[in-house]
Amino acid sequence: MDDDEYAKLFRRMNPPRVVIDNNASDDATVIQVDSVNKQGTLLEVVQVLTDMNLVIKKAYISSDGGWFMDVFKVIHQDGNKITDPQLLHFIQMRIERNAGWFIPPLTRSSVGVMPSDEYTTIELAGTDRPGLLSEVSAVLTDLHCNVVNAEIWTHNTRAAAVIHVTDNTTNSAITDPCRLSNIKHLLCNVVGSRDAKTVFSGSDTHRERRLHQIMFDDRDYEGVNKRPSVTSEGSKKPSVVTLTNIDKDYTVVTMRSKDRPKLVFDVVCTLTDMQYVVFHGMVSTEPPEAYQEFYIRHVDGLPINSEAEQERVIQCLEAAIERRTSEGLELELKSEDRVGLLSDITRTFRENSLTIVRAEISTREGKAKDTFYVTDVTGNAVESKIVDSIRKEIGVTKLKVKKQNEESSVRSASQETTIGYLFSNIFNKYKPLH
């Protein structure tokens, strides 16, 4: 959907405008964004807020015609307003810059290895099983690769990872084609040759968005809405409902789920990558439940017009919500970084019969900060005596228990919204800037 020259000129003449107001709400900072509407603009704005670790408490979205207007109520992760003038200015500049760029069509590249100047990016996808991350880490260590950053997700028997590695001798990217080919070959043997593809990846997409794309391509969404609404452990699955509004030619998608960080990003990311445009919407993420409602059309201008498409949208949105759900015990490792550290830690978990369901790996200035979400091999809670044993082995000051994630009882939601009610209040308070 390439732009014509008039559309490009119109966007250049109408750059995004961001107004930040700390007086409009007692408990949140209000950010209003006005810009020319373009597919992907909403995701770019949400991505900026998410990357800056801001929590979206509420959002009101409208993009009818050629103009886009969003109002976000956000807070710090500590629950407070944003009061630092420099940070507020930085948020404004980031949103105005990101929302103003044309977003090129996505290249859904296959899983593989991509070199850059600073590090080499490895993307993996395959069948999840206990000890998988440990085996991947051991192979990278044997190949003299140092893991700089990584994120690993598991969902519906599938696993995906985006891993940044450097050569442990030069601390730079690995560029030798023969060595890259050998890394891919050995990793595919670990993941399973039938599950991992071995072509180069040319994508420079945001890492978490890329994880969504990898799992989507791996069809991790299949069968998710056929599972029981409440699992044997008492976890309640997200509720996704679609309804086509014949009069307005929209499809209304409503989602109710347990609230968690980055939830709005995950949903908007999935809708965008599935080529749907959000015209109106509202978000309310007051714990313990999050409610999201979006009025969407496909990029071809049509609402969802078949049961098969409706079923697919429901499956994919449920999967998007579940992929980052923090199940199990959260363990945080803080330590001096060294080659093979991740391999040693994950081997210890494996030897104690723990399964890693999600992980975030990062290193900075010689320090490692890793977060692991773990269960036992059956998916149940980890016994305290096993945790104590692991902490003694690794170091009680290095490995700390953050929290045991328990599914909160989700309150019954009675605040059904209509599009008239949704926008009457917000637009009375916030007038468009154009």
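Visitor: Why are α9 and α10 called roughly antiparallel to each other?

Guide: In this predicted model, helix α9 (residues 341-351) and helix α10 (residues 384-394) pack at an angle of about 150°. Angles run from 0 to 180 degrees between N-to-C directions, and those over 145 count as roughly antiparallel; α9 and α10 are therefore roughly antiparallel. Their axes, lines fitted to C-alpha atoms, are 11 Å apart. Residues are numbered from 1 along each chain, and local features need pLDDT of at least 70. Side-chain atom pairs count only at pLDDT 80 or more, and side-chain values use heavy atoms, without hydrogens and water.

Visitor: Which residues of α9 meet α10?

Guide: Ile345, Thr348, Phe349 and Glu351 in α9 meet Ile390, Glu393 and Ile394 in α10, where contact means heavy atoms within 4.5 Å.

Visitor: What makes helix α7 largely enclosed by the rest of the structure?

Guide: Buried means under 20% relative accessible area with a 1.4 Å probe. Eleven of the eleven residues of α7 (residues 263-273) are buried, so α7 is largely enclosed. Among them are Leu263, Phe265, Asp266 and Cys269. Just after α7, Gln275 takes a positive phi of about 70°.

Visitor: How many of the 434 residues of the protein chain, as a percentage, count as buried?

Guide: In the protein chain, 51% of the residues count as buried. The chain has eleven helices and 16 strands, assigned as DSSP runs of at least four residues (H or I) and at least two (E), respectively.

Terms used. Parallel < 35°, antiparallel > 145°, perpendicular 65-115°, else oblique. Buried < 20%, exposed > 50% of the residue type's maximum accessible area, 1.4 Å probe, protein only.
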